[in-house]
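Please look at the sequence and the model below before reading on.

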Amino acid sequence: MNTSVIRYLLGYILKLEGFLLLLPCIVAGIYYEKSGIYFLIVALISIAIGFLFSAKKPRDFTFYLKEGCTTTALGWIVLSIFGCLPFYISGEIPSFTDALFETISGFTTTGASILPEVESLSYCMNFWRCFTHWIGGMGVLVFLLAIIPLSGGSNINLMRAESPGPSVGKLVPKMRHTARLLYIIYFGLTTMEIIFLLFGKMPLYDAICTSLGTAGTGGFGIKNDSFCSYNVYLQWVVTIFMILFGVNFNAYYLLFFGHIRDALKVEEVRYYFGIIIASVVVISVNIAHMCTGVFDAVTKAAFQVGSIITTTGFSSTDFDRWPELSKTLLVLLMFIGACAGSTGGGIKVSRIVIAVKTILKELNGYIHPKSVKKLTFEHKPVDHDVIRSINVYFMTYAVIFVVSMLLVSVENYDFTTNFTAVAATFNNIGPGLSLVGPTCNFGFFNNFSKYVLMFDMLAGRLELFPLLILFHPSIWKELFIQADKKVKGNRKEKQNVRM
């Protein structure tokens with residue numbers, strides 16, 4: 001295992017986080033808040049350790065999927081630990097576990113909060129909460145790909161470990177250019193949303209924080225009622241952009257270069273919009289008697305459907321009071337999630353579509369045993385390895401979900417609370433139902449349950465296996481054995497120099 005490049009990339013992650021931690025300092029300066037000093041302290045520590053880790057360049061930058069997964073998992077854990085320190089040392093979130101929960105929820109774009117009063121936080125702290133969504137939405141390692149030259153196919157292994165979806169491909173021949181293009185699209189859409197929100201007379205601070213949360217499909221609000229107090233225009237702007245950020249970014253690449261027909265033919269995106277439209281229609285009809293009119297019902301339904309399927313987690317109403325049909329449909333959307341290659345969480349539409357097509361293919365095989373029919377997706381044949389990986393993903397997903405449910409249920413809360421708490425964190429959504437509904441928070445869970453849910457958030461964001469690989473004994477054996485060899489090698493070199 002190429003441990004030197006893992007160490008080098010972790011150093012770059014810490015340096016990057018250190019510089020990003022300086023942005024809340026600027027916010028603190030604008031609002032004359034003393035809390036900015038805590039961000040400055042952590043930023044300096046993070047940058048110093050980062051320079052220490054990345055001071056010595058690796059002789060070989062080549063590494064493969066194993067190293068990519070290990071780097072990704074360790075990177076996100078390190079990112080979360082340093083990111084939670086300003087909350088903790090400032091005392092605004094006095095418990096380290098709660099501060100870590102809030103930060104992991106931010107970076108994984110989950111949006112599940114332990115805070116009963118969000119508005120009690122300082123401006124710089126609330127900005128950092130929302131900014132963690134934007135950082136984690138596209139992925140910090142994808143950003144590093146745009147600035148660090150790697151070789152030997154290492155780029156695709158790093159992106160494959162962090163990017164959501166069953167497969168990762170290049171938009172352009174060079175992966176470095178792909179990463180840059182993804183961030184150009186990401187930044188452009190975020191800026192557009194800020195402008196549209198400002199047109200609706202939303203304050204600049206609110207517009208920036210809301211757009212950062214929407215872009216990362218995270219859902220941390222800066223108001224206790226999330227989006228209930230904002231006007232209908234602002235709710236529709238956020239609804240549209242939540243849905244847009246749940247679209248596969250490959251479609252935006254095609255639109256960006258004028259391939260409109262090809263963009264409209266993207267199969268996953270068509271199914272994604274089909275699911276959204278059908279869900280909005282069903283829920284609008286189901287909640288019509290609870291609303292002031294048809295438009296009000298459609299507005300509420302569209303906002304919550306967009307929020308849940310993209311795993312953003314904003315709420316414009318207490319949907320825990322909706323009829324059972326609407327709540328059941330929202331829970332199903334939690335599992336479906338957004339498109340692969342987007343900032344959204346969940347299982348992903350592409351996996352669902354391929355799984356359904358696989359079932360239909362098997363049924364067809366029973367009816368017509370001699371027929372030979374190739375399974376296709378996006379107008380291309382689906383490799384057997386892709387189908388196998390999706391099947392393994394579903395099995396692993398089910399095992400983790402069941403085990404998490406059992407562990408959380410030790411606290412003896414009701415089934416709806418436990419089930420939707422795990423579903424909301426594992427699928428990176430945020431709010432669930434019952435005690436973790438849109439008007440509640442996760443603060444009542446004990447520390448053990450919170451760590452289980454933190455694991456679920458990280459596993460869901462990293463597509464399970466990059467995090468699970470850290471639990472494999474051979475990984476740690478290789479890390480420690482190689483580290484020991486390097487120490488012994490350095491000792492021999494020093495002895496030879498003395499002689």
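## Basis of the model

This is a predicted model, in which local features need pLDDT of at least 70 and side-chain atom pairs count only at pLDDT 80 or more, while totals for chains, interfaces and linings use all residues. Residues are numbered from 1 along each chain as its sequence is written, and side-chain values use heavy atoms, with hydrogens and water left out.

## Helix 15

Of its 16 residues, 12 are buried (under 20% relative accessible area, with a 1.4 Å probe and protein chains only), so helix 15 is largely enclosed by the rest of the structure. The buried residues, among them Phe-303 and Ile-308, pack against helix 11, helix 14 and helix 16. Just after helix 15, Thr-311 takes a positive phi of about 60 degrees.

## Salt bridges

A salt bridge here is a side-chain nitrogen of Lys or Arg within 4 Å of a carboxyl oxygen of Asp or Glu, and by this rule the count comes to 9. Glu-463 meets Lys-348 in one of them, at 3.3 Å from N to O, and both residues are buried. Glu-463 also forms a salt bridge with Arg-351, where the closest N and O atoms are 2.5 Å apart. Because Arg-351 lies in helix 17 and Glu-463 in the loop between helix 20 and helix 21, this pair ties together parts that are 112 residues apart in sequence.

Key
Buried means under 20% relative accessible area, exposed over 50%, partly exposed in between (1.4 Å probe, protein chains only). Helices (H or I, at least four residues) and strands (E, at least two) are DSSP runs, numbered from the N terminus. Contact means heavy atoms within 4.5 Å.
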